[in-house]
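Please look over the structure shown below before reading on. The briefing that follows goes through it topic by topic.

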Amino acid sequence: MTKARGAAKPAPIRVLIAKPGLDGHDRGAKVVARALRDAGMEVIYAGLRQTPEEIVRASIEEDVDLIGLSILSGAHMALIPRVLTLLKKNGAGKIPVFAGGIIPDEDARRLRSAGVRAIFGPGASLDEIVSTATKLARPAA
Amino acid sequence: MTARRRTSPVPASARAILRGDRRALARTISAIEDGEAEATPVLRALFPRTRQVPVIGFAGPLGVGKSSLINLLVRHLRAQGTTVAVIAVDPSSPFSGGSVLGDRIRFESRPGDQGVFFRSMASRGAAGGIAAATREAARLMDAAGFDLVLVETVGSGQVDVAIREIATTRVVVLVPHLGDEVQTLKAGLFEIADVFCVNKIDLPGSEHARRDLAELVALGPKGRGWTPRVAGTSTTVPTGVEALWHAIEAHEKYLDASGERAEGERHRLAAEIVGLVRDRVGRELTERLERDPTLRRLLDQVVARSIDPRTAADRLDGVARRST
């Protein structure tokens, strides 16, 4: 079922921002959350040290249009595919996932082919992140 | 899909919610928030299936620890086998319309625990500490089978008392050193509490705060058979959560014993129905004032100061009544 948000005023995009894994650096995630908020989105900020299970559960309960994962620990190749697998398993495989953090090119290629829709490194601009996130959440708009 | 959904007496998503389907519940809450027409038949089908479960509202200033307290309360209730749904409301930006919903950070649940459901909700411009969709979302959670619903309001100021329109028990959460005892005499937030909770009692000054509240409570108002309880809690060194729950439970029992539950429900439903009509009429009139040429001229006249707003309102009201 696609969301027929055909009301007069477009409904805000709901996005989950979470940090899987054990690193404690959430400044990047907070900056992105703030930028998405300023772009009119409702950002569910799930915070640090989230397990893939918790992220998937939150995505379903919060009925998000989009998931952003921030990860700096180097454990991205274990954690991000696990989120994708669990989303599919729970019937939520259509929610687009993007990722940010320090992810080597080779890993980024593999994550993209596993289904991650966009990956942002340390040099990415907030404008770029916001516009990509908007397109991912509302492909038709 | 949409056509079948509209004609079916019980929409598929209503059946799914009754079965405990969490995605159906989550999506229907979004449909209510977004004002989608498809929410209406679901709400219609589920209303007779609601059991009027307790709705416990938590109000209080920013940063007093409402989220952490709710997290501990959920843990306590889950240990007893009680199933719980939570709605946590945070403000929307009046500028961008966006929101950062951060209450989930404090929330921990056992992996795979199906007995708890947590939903963050942006206020989307509603005043009073809750969102327009909060009441109906709580009702869906009731229909989905949760034993009770906890609602965390926007970190509120003195007049944010909308929670009284939906909650059966209102908990006002405070911390030590919020002000002198004159604060407790002021109208608004302090008047709606069925239970006061002084959180962060590990901080100095908590005895003072509890004493002030106890005095306030002793002063009245009279005329109600319930005297608000004062509980003390700490979430850093978890203390007092069980006693807080006992105070809430005592109030819920009082509602049944006194007959106030039925009375309160009737009062809240009356306000809800009137509110729904007011919203609808308001939307329609706003639209017509902008589109209908005659009504636009009416507005022009007010702008030009040739008639006053009250006179224009009488005319607009007349037009609205004729057309209905």
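Strand β1 of chain A (residues 14-20) is joined to β2(A) by six bridges, and the two strands run parallel; strands here are DSSP runs of E of at least two residues, helices are runs of H or I of at least four residues, both numbered from the N terminus, and two strands pair if DSSP finds at least two bridges between them. This is a predicted model, in which local features need pLDDT of at least 70 and side-chain atom pairs count only at pLDDT 80 or more, while totals for chains, interfaces and linings use all residues. Residues are numbered from 1 along each chain as its sequence is written, and chains are lettered from A and ligands numbered from 1 in the order in which they are written.

**The sheet**

- Within β2(A), A:Ile44 is the bridge partner of A:Leu16, and A:Ile44 also stands opposite B:Leu101 in β3(B).
- Strand β2 of chain A (residues 42-50) is joined to β3(B) by three bridges, and these strands run parallel.
- The open sheet has six strands with parallel pairing, in the order β5(A)-β4(A)-β3(A)-β1(A)-β2(A)-β3(B).
- Its edge strands, each pairing on one side only, are β5 (118-120) of chain A and β3 of chain B.

**The contact between the chains**

- In chain B, 25 residues are in contact with 24 residues of chain A, where contact means that the C-beta atoms, placed from the backbone, lie within 7 Å.
- On the side of chain B that touches chain A, α3 (22-33), β3 (99-101) and β4 (116-122) of chain B are the elements that give two or more residues, and α3(B) provides the largest share, six residues.
- That side of chain B has nine nonpolar, nine polar and seven charged residues, with Ala, Val, Leu, Ile, Met, Phe, Trp, Tyr, Cys and Pro counted as nonpolar, Asp, Glu, Lys and Arg as charged, and the others, Gly among them, as polar.

**Two helices of chain B**

- Helix α5 (residues 66-79) and helix α8 (residues 241-258) of chain B have axes that come within 10 Å and cross at roughly 80°, the axes being lines fitted to C-alpha atoms over the stretch in contact, with angles from 0 to 180 degrees between N-to-C directions.
- The helices α5(B) and α8(B) are therefore roughly perpendicular to each other, a term for angles of 65 to 115 degrees.
- B:Leu72, B:Leu73 and B:His76 in α5(B) meet B:Val241, B:Glu242, B:Leu244 and B:Trp245 in α8(B).

Definitions and conventions:
Two residues are in contact if their C-beta atoms, placed from the backbone, lie within 7 Å. Angles under 35 degrees count as roughly parallel, over 145 as roughly antiparallel, 65 to 115 as roughly perpendicular and the rest as oblique.
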